[in-house]
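These notes on the two-chain model are set out point by point. They take each chain in turn and then the interface between them.

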Amino acid sequence: MTTGISLVRENAEALQPPRTLWVPFPLGRPLGTPNDVEFQQRVISAALDLLNREHGPVLEDFPEDIDASQFGPLSCPVSFKQTEPQTDAWPERLRREIAELKPWYDEGARRRRRTTVGVSPLDMQANADFVGQAVHARGFSKEDIVTLKLAVEDLKAFYSEALTARPGPHDADAVMKILWYDTFLGEALHELHEICRNDESLKLLTLFLLPRSVQHDD
Amino acid sequence: MLGKNLAPLGPLPWVRSKKPLSQQKIALITTAGLHVRDDDKFAFTDASYRVIPRELRGDDLLMSHTSVNFDRIGFAEDVNVVFPIDRFRELQESGAIGSLANNHYSFMGAGLLPDAYEASVRPLAEIMRNEEVDVAFLTPV
């Protein structure tokens, strides 16, 4: 038997799996709220309860939403782009930004006792160099697409973990707004997106660099 | 898959529960592109799966999902918001569920339609059947 959660009601309606609990939470958070054991257990309990239905397919809605009022204003630990001369090359800009964020990344990793950084085979400075060099050179080899994607993922994880080093709850939208619009990394990724969009051999990467919500602002 | 017009998966494989939840063995299956830190990352499009051993700490999981259109901060804060392994351990300890399977499984749900996963899923279903798993608990991302 299967039972499970869906974040996209339309897909569950169309695919008709045997038992589905639709939840109204943001994509990326099928259990709702981080570190809220009771809330997560209520979601699981509702999905497991579907196993008792006599007939299917079953698609039911979870009656609660996450409490958005829990998010306070985000206090950013670093002032971005304040001291960097604009003439710096991209690798140096990113390297310095990473050096500023490193104590906060470490603090966050200590608090959580884990990190989600680690999909790239490169260390963080090398990730910065790889991305920075691609932007600086206004292009890169098609063979480097996978390496670049993994470098970008680790950089984003490093930045977001540093920005959320202090105990939450954190407003994910506010954190990502800082990342995309206030940091050199965000600026570099917008540049990289533009470079890929204008190069047929690199166009694949445009799907995997910027979220749709950010692309709308271009 | 957002916004795609999808056909039903096929004839409904409806199986009724034959025993109480407190006697059932449960495996978790996620499409969040999770894997053990040293395992192969998921490719841009990838219908294969990774094994997540029962004893693994959720904190040892990484995510190499292709999509950039979902929040990852929640996962960084608490693995259970994506992969509720600690919650299911609590259910096992309290006796609410019978047991957890020896392994859980992770797919990466992006870039492919459901049909593409069938070649991986059918043998996996056989593996789970041989282990006498009663319930697969499915979570997206």
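1. Chain A holds 8 helices and 3 strands, where helices (H or I, at least four residues) and strands (E, at least two) are DSSP runs, numbered from the N terminus. Read along the sequence, the elements of chain A follow the pattern β-α-β-α-β-α-α-α-α-α-α, and its C-alpha atoms fill a box of roughly 65 × 40 × 30 Å along the principal axes.

2. The model is predicted, so that local features need pLDDT of at least 70 and side-chain atom pairs count only at pLDDT 80 or more, while totals for chains, interfaces and linings use all residues. Residues are numbered from 1 along each chain as its sequence is written, and chains are lettered from A and ligands numbered from 1 in the order in which they are written.

3. Chain A is divided into domain 1 (4-69) and domain 2 (90-215), with bounds that come from an automatic or database domain assignment. The C-alpha centres of these two domains of chain A lie 31 Å apart.

4. Helix α3 (residues 90-112) of chain A packs with α5(A) at an angle of about 75°, their axes being 7 Å apart; axes are lines fitted to C-alpha atoms, for helices over the stretch in contact, and angles run from 0 to 180 degrees between N-to-C directions. The two helices, α3(A) and α5(A), are therefore roughly perpendicular, a term that covers 65 to 115 degrees. On α3(A) the contact is made by A:Leu101, A:Trp104, A:Tyr105, A:Gly108 and A:Ala109, and on α5(A) by A:Phe158, A:Tyr159, A:Glu161 and A:Ala162, two residues being in contact if their C-beta atoms, placed from the backbone, lie within 7 Å.

5. Chain B has 3 helices and 7 strands, which run β-β-β-β-α-α-β-β-α-β from the N terminus on. Its C-alpha atoms fill a box of roughly 40 × 40 × 25 Å, taken along the principal axes.

6. Between the chains, 53 residues of chain A are in contact with 44 residues of chain B. On the side of chain A that touches chain B, β1 (2-6), α1 (9-15), α2 (37-49), α5 (145-163) and α6 (172-182) each supply at least two residues.

7. A strand pairing also links the chains: β1(A) and strand β7 (residues 135-139) of chain B pair in the parallel sense over 3 bridges, where pairing requires that DSSP finds at least two bridges between two strands. Within β7(B), B:Phe137 stands opposite A:Thr3.

Conventions:
Parallel < 35°, antiparallel > 145°, perpendicular 65-115°, else oblique.
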